[in-house]
Amino acid sequence: MPRHFKIKVPASSANIGPGFDVLGIGLSLFLELDVNIDSKFADDTNSDPNNCLISYSKDSEGADGVPLKSDENLITMTALYVLRCNGVREFPVGTKVHVTNPIPLGRGLGSSGAAVVAGVMLGNEVGKLGFDKQRMLDYCLMIERHPDNISAAMMGGFVGSYLRDLSAAEMERKEIPLSEVLPEPAGGHNTGLVPPSPPHDIGRHIKYNWCPQVKCVAIIPDFEVSTAKSRGVLPSAYTAKDMIFNLQRLAVLTTALTRSPPDPELIYPAMQDRRQLTPLSQTQTMDIQLPSASYSLSGLVAAIAVIYGGCKYLSLAPPSSKLLDQR
C-alpha cells in the first residue's frame with residue numbers, strides 16, 4: 001500500500017554560554033523530508049542498492065555536493081542503521097526521499113545533528129518500529145555523541161542534557177554511521193550482520209522554559225569547520241577556578257533565560273564562558289554591537305548565536321515531527 005509522510009527537524013545552537021556540551025536550543029530553521037513509498041516507483045529506485053532515490057531541492061544548502069547514494073548520505077545511512085538493528089536490510093522498493101535543507105553545512109547550526117535525527121525518524125517510520133522519542137534519542141546518540149545538539153533537534157526548545165560513557169565494544173562496530181567526518185560521513189557499512197541495538201538511556205535531557213521576549217540571531221560565516229577540527233583547538237585541561245566560574249554561571253543562566261521580562265543585567269554575565277577560549281570567542285564577538293545582547297559560539301568556531309532581548313529573528317523551534325498524509 002502506498003505511503004506518504006513528511007519529517008521536519010529544526011536546526012540547533014549548542015554550547016550556550018557556559019553550557020559547553022550541555023545546553024542547546026532548537027531554532028526555527030527546518031530540515032524537511034518528503035517521503036513517498038510506492039512500488040510504482042520501482043524503476044526509479046532499482047539503481048540504488050537499498051531501493052531509495054534521494055533528491056534535494058535546488059535551494060538546499062550544499063545540494064550540489066551532498067551524496068545521493070543511500071549508503072553514503074548521512075540521512076539514509078542513519079535510517080538504514082536503525083532498520084538493520086531491527087532486522088530490516090533495506091528500504092521498501094519504490095522509496096523516494098526529497099530533502100529541503102536550509103541549514104548551513106559545517107557552520108555550527110547542527111546540520112549533522114538534524115540529519116541524524118531526521119534519519120532515525122525516517123528509519124522508525126519506514127520500519128513501523130513505534131519507538132518513542134527517548135528511544136530514538138538512543139539511536140541518534142550512537143551516531144552523534146553531542147547530546148546538546150541532538151536533544152535540541154529532537155525535542156525542540158531550550159534543553160539541558162548529559163551523556164553516559166559507552167564502552168569501546170559498544171562503539172566499535174562498522175555498521176554504526178559516524179556523523180562528524182566531513183566532507184562525507186563514515187561508518188555505516190553493510191556487513192550483512194545485524195548491528196547491536198543501542199543501549200537504553202544513553203543520554204537524558206530536561207526541557208527548560210524560555211522567555212518569549214528573548215530571541216536568537218545566528219551570524220553565519222562563509223566557511224565550513226568540522227566539529228572534530230574545532231574541538232582540536234580547545235585546551236586539554238582546565239583549572240578548577242575556570243570550571244567553578246562556568247558552573248556558577250550555568251546555575252544562574254538556566255533560570256535567567258526563563259524569566260519574563262528578561263533581565264539583561266543577569267543574563268549577560270551568566271553567559272560568560274571560560275571553556276571556549278578560541279580567537280573567535282575573544283575577538284569577533286566583541287565587534288558586534290547590539291543592546292542587551294549576549295553572545296555564544298554555536299558549534300565552537302562557526303556560527304555565533306546572539307541571545308537578544310529586543311529583536312525578532314529566529315524563534316525557538318517545536319519538537320521534531322512526523323506529518324502523515326491523510327490520503
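With which residue does Asp44 form a salt bridge, and how far apart are the closest N and O atoms? In this predicted model, the partner of Asp44 is Lys96, and the closest N and O atoms are 3.2 Å apart. The pair links distant parts of the chain, since Asp44 belongs to helix α1 (residues 42-45) and Lys96 to strand β4 (residues 95-100), 52 residues apart. Asp44 is partly exposed, with a relative accessible area of 36%, and Lys96 is likewise partly exposed, at 24%.

| Asp44 | Lys96 | 3.2 Å |

Glu125 counts as buried at 13% relative accessibility, and Arg3 is buried with a relative accessible area of 17%. Asp138 and Arg135, by contrast, both lie in helix α4 (residues 133-143), three residues apart, which is about one turn of the helix; both of these residues are buried.

The largest nonpolar core has 64 residues, and Leu33 and Leu122 are those with the most contacts inside it. Helix α3 (residues 111-126) gives the most to this core, with nine residues. Because domain 1 (3-205) and domain 2 (209-323) both give residues to the core, it lies between them. Leaving aside neighbours within four places in sequence, Leu33 is in contact with residues including Phe5, Ile7, Val97, Ala118 and Leu122.

Turning to the cysteines, Cys52 counts as buried at 1% relative accessibility, as does Cys211 at 0%, and the count of disulfides comes to zero.

Key: Residues numbered from 1 in each chain as written. Predicted model: local features only at pLDDT ≥ 70, side-chain atom pairs only at ≥ 80, totals over all residues. Heavy atoms only, no water. Core = buried A, V, L, I, M, F, W, Y, C linked by side-chain atoms within 4.5 Å. Buried < 20%, exposed > 50% of the residue type's maximum accessible area, 1.4 Å probe, protein only. Helix = DSSP H or I, 4+ residues; strand = E, 2+ residues; numbered from the N terminus. Domains from an automatic or database assignment. Contact = heavy atoms within 4.5 Å. Disulfide = S-S within 2.5 Å. Salt bridge = Lys/Arg side-chain N within 4 Å of Asp/Glu carboxyl O.
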